[in-house]
Amino acid sequence: MRFTIQRDKLIAGVQDVMKAISARTVIPILTGMKIEVKQHGVTLTGSDSDISIESYIPAEDEDKVYIENIEEGSIVLQAKYFPEIVRKLPESQVDIVVDDQFNVKITSGKSEFNLNGQSADEYPMLPKLQTENSFEMPIDLLKSMIKQTVFAVSTMETRPILTGVNIKLEDQKLVFTATDSHRLAKRDVPVTGTNVTIEQVVVPGKSLNELYKILNDSEETVEISVTNNQILFRTKHLNFLSRLLDGNYPETSRLIPDHSKTTIQIKTTPLLRSIERASLLAKEERNNVVKFTSNDNALIEISSNSPEIGNVEEEVTADKIDGENLKISFSSKYMIDALKAIEYDEVVIEFTGAMRPFVIRPVENDSILQLILPVRTY
């Protein structure tokens, strides 16, 4: 096996697949990176059996040649050393040659490395997903859906199903839902031109965080395919495969109140900054609680009190307040996360009482919803 490749292309591919490689894997060969060389290009693969990533580098693309001197073959290289070597090579081109004993020679300029490789035959085959059950969507839209929901997954392994985002597609509407049972984040978008239905699948939050980092904004669309226990996100140069979580996701729709007693319309940034300041004195062990009080003259008081440290009070002006006056306490962290995820200038917050969950939505877009359970304070 042999090929000569542009170093920056190799670095980009290596960085992508490294996100799936873990030093703590049960199958020893998965600590390595698989390289498969064909006449049309090179495929790099990394996997920790939860996530598998394939990055494809074409031999040429749009009249630019990226890979030359191709002799087909495959090898598994130690992921602990190979990425660092490639990153520090002196020249813009890298020559990689493998002999029959899986000895690998990496040359660039006057620098030469020799590494011991392993046979790629021992590397597990990635499942090939059937693509009938697939649909396409813009990459920037998928990334915004991930950003607006994934932060709300649970970090506790006590209920593993809540560590993932619930994804559902029916009647050409795609819905992402995440909850840790104290808060909920939901986003839906129309997906046109598909009659695919996905009952519901739960994708680990960890997988979606990695996918978010790896998806390239310069590419237009991503194809999403689902089987009974895997989900595949495919772009022109990338296959990102994740296992799905087993179990039944809780029915979250009944958590969302269908009426409200107090509605507040307010600019996002001043409210966010005020809660960030109040949280500076919110006590860690009491869940970073801040108090939120509304009164008749469109002013909202945000306060936090720690007997040993001190207290903070601040007033923020709402654009509009309808309904009853309200006193409520909640986790400042949850509120900050929710307001940051919304990415709109103005929000509507709907309260149904001091001990009931409340809902935050952007004024201009009701397809984004954040729900937070209040905290009892006496």
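**Entry 1. Second largest cavity**

I classed the lining of the second largest cavity and found eight nonpolar, one polar and one charged residues. Here Ala, Val, Leu, Ile, Met, Phe, Trp, Tyr, Cys and Pro count as nonpolar, Asp, Glu, Lys and Arg as charged, and the others, Gly among them, as polar. The model is predicted, so I note that local features need pLDDT of at least 70 and side-chain atom pairs pLDDT 80 or more, whereas totals for chains, interfaces and linings use all residues. Residues are numbered from 1 along each chain as its sequence is written, and side-chain values use heavy atoms, with hydrogens and water left out.

I listed the lining residues as Phe 151, Ala 152, Arg 183, Leu 184, Ala 185, Tyr 334, Ala 338, Gln 370, Leu 371 and Ile 372. At least two of the lining residues come from each of strand S15 (183–190), helix H6 (332–342) and strand S28 (368–372). Helices (H or I, at least four residues) and strands (E, at least two) are DSSP runs, numbered from the N terminus. The volume of this cavity is about 30 Å³, and I counted two cavities of 30 Å³ or more.

For the search, a 1 Å grid was laid over the protein atoms alone; a cavity is a set of points where a 1.4 Å probe fits but cannot get out, a pocket is an open set with protein on both sides within 12 Å along at least five of seven lines, and lining residues have an atom within 4 Å of a point. Points are joined across faces, edges and corners, and a volume is the space filled by probe spheres set on them.

**Entry 2. Domains**

I noted domain 1 (2–122), domain 2 (138–218 + 246–253) and domain 3 (256–372), with bounds from an automatic or database domain assignment. The second largest cavity lies between domain 2 and domain 3, because both give residues to its lining. The C-alpha centres of domain 1 and domain 3 are 50 Å apart.

I looked up the largest pocket, which holds about 530 Å³ of space. Its lining has 23 residues, and Lys 9, Asn 216, Ser 218, Glu 219 and His 237 lie nearest the centre. Helix H1 (7–18), strand S4 (51–58) and strand S18 (230–235) each give two or more residues to this lining. By class, I recorded eight nonpolar, seven polar and eight charged residues there. Domain 1 and domain 2 both contribute to the lining, so the largest pocket lies between them.

The second largest pocket has a volume of about 370 Å³. Glu 54, Leu 126, Pro 127, Lys 128 and Asn 239 are the closest to its centre among its 23 lining residues.

Leu 142 is one of the buried residues of H3. In helix H3 (residues 139–149), eight of the eleven residues are buried, where buried means under 20% relative accessible area, exposed over 50% and partly exposed in between (1.4 Å probe, protein chains only).

Val 86, in helix H2 (residues 82–88), is buried at 1% relative accessible area. Beyond four places in sequence, I found Val 86 in contact (heavy atoms within 4.5 Å) with Arg 7, Leu 10 and Ile 11.
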